[in-house]
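Try each task yourself before reading its solution.

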Amino acid sequence: MSVGYQVSSDHQLARLLQIGIVLEEVVEARAYHHHEELDEDALDEEIRALLSHAAEESADHRERLEAVIDRLEVDSVPFEEIEALVEAQYGQTKPEDFDGVLYDQLCNEETAYKFYDDVIEAIEASDAQFSIDREELVATLSAIRDEEAEGVEEVTRIMEERE
Amino acid sequence: MNTADQYVKAIYLLQEMENGPAATGALADMMEVSPASANEMIGKLESRGLAEHEKYKGVTLTDDGIVRARDALQTYCIIERFLSNVLDVEEFRAEARELEPVIDGMIAERLDTIIDRNSECPDCFDPETDACEYLDVCGAEPETETEAAD
């Protein structure tokens with residue numbers, strides 16, 4: 001991230017959180033389609049549990065982000081349209097396009113972690129007044145970021161055990 | 001995208017527009033910083049082997065700088081296209097500039113999975129309009145995603 005970047009308004013904050021929602025949608029959709037379309041032999045119980053947990057966690061993160069946006073003074077955003085768009089994209093993806101379920105999952109978790117970390121840093125660097133309490137906002141995003149960090153550790157552990 | 005990447009992208013676009021070295025003043029204007037700040041960053045880019053500065057002529061990217069600039073421009077195109085096509089943001093250019101510092105290549109790569117980007121990207125970026133030429137910036141009908149992908 002650029003040094004000194006700051007989130008300066010409710011609008012900008014909402015836009016960043018929208019991007020977070022899309023990233024979560026992507027994680028959820030990829031995990032779901034890995035789970036549904038890959039052949040039984042390719043997915044053992046441990047990976048199934050990982051994908052299932054990833055999809056549930058992303059849905060939960062998305063809802064938490066949506067709840068924050070609802071409290072900001074911004075126009076509503078078309079969540080359903082985003083969901084439909086992401087689903088349409090992954091609905092067309094063939095199983096063979098998924099190159100390495102675990103690697104893909106690791107990228108998802110790392111990307112989300114980096115994103116939330118940058119957003120938190122940009123909020124903390126800002127003096128702007130948001131229509132949501134800053135401490136509560138940072139606490140919510142930090143909790144989500146920490147869960148992404150746990151996800152990175154979990155996927156890394158499974159990958160190392162399988163080397 | 002970090003500050004150095006934003007600078008190499010700006011130098012790349014200025015070089016395209018000028019068909020020659022990027023003037024320090026023009027770079028400072030584009031980055032909305034003072035000429036002194038621009039000069040300081042040019043020095044850093046030179047020390048990293050990304051640019052060369054010639055007095056009275058301006059700054060030119062090295063081959064490594066060009067590769068880095070094109071990656072940064074691609075990230076920027078993804079942000080613009082994502083804002084315009086997925087989130088229906090009319091002022092996508094202004095918002096892309098605001099968001100550029102916080103969206104790095106890794107995040108853009110994920111966003112890229114749900115947009116249809118032209119295979120010639122980032123060559124489709126028009127520095128004069130500060131937008132991908134396939135995006136609607138002047139009120140004209142935008143090209144459809146299918147056409148853009150062809």
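**Exercise 1. Describe residues 1–62 of chain B.**

Step 1: Over residues 1–62, chain B is 60% helix and 13% strand. Helices (H or I, at least four residues) and strands (E, at least two) are DSSP runs, numbered from the N terminus.
Step 2: The end C-alpha atoms of this stretch are 20 Å apart.
Step 3: UniProt, in an unreviewed entry, lists residues 1–62 of chain B as "domain: HTH dtxR-type". Such annotations may be inferred rather than shown by experiment; positions follow the numbering used here, and feature names are shortened.

A word on the model: it is predicted, so local features need pLDDT of at least 70 and side-chain atom pairs count only at pLDDT 80 or more, while totals for chains, interfaces and linings use all residues. Residues are numbered from 1 along each chain as its sequence is written, with chains lettered from A and ligands numbered from 1 in the order in which they are written.

**Exercise 2. List the elements of chain B in order.**

Step 1: Count seven helices and four strands.
Step 2: From the N terminus on, read α-α-α-β-β-α-α-α-β-β-α.

**Exercise 3. Which residues of helix α3(B) are buried, and which exposed ones lie on the face turned away from them?**

Step 1: Find α3(B) at residues 35–47; its 13 residues reach 18 Å from first C-alpha to last, close to the 18 Å expected at 1.5 Å a residue. The expected span is 1.5 Å times one less than the number of residues.
Step 2: Ala38(B), Met41(B), Ile42(B) and Leu45(B) are buried (20 or more other C-beta atoms within 10 Å of the residue's own; exposed means 12 or fewer, partly exposed in between, with C-beta atoms placed from the backbone).
Step 3: The face turned away carries the exposed Ala36(B), Glu40(B), Gly43(B) and Ser47(B).
Step 4: Among the partners packed against the buried residues of α3(B) are α1 (3–18) and α4 (63–86) of chain B.

**Exercise 4. How many residues of chain B are in contact with chain A?**

Step 1: 18 residues of chain B are in contact with 21 of chain A (C-beta atoms, placed from the backbone, within 7 Å).
Step 2: α1, α5 (92–99) and α6 (105–112) of chain B each give two or more residues to this side.
Step 3: The largest share, four residues, comes from α6(B).

Methods
Contact = placed C-beta atoms within 7 Å.
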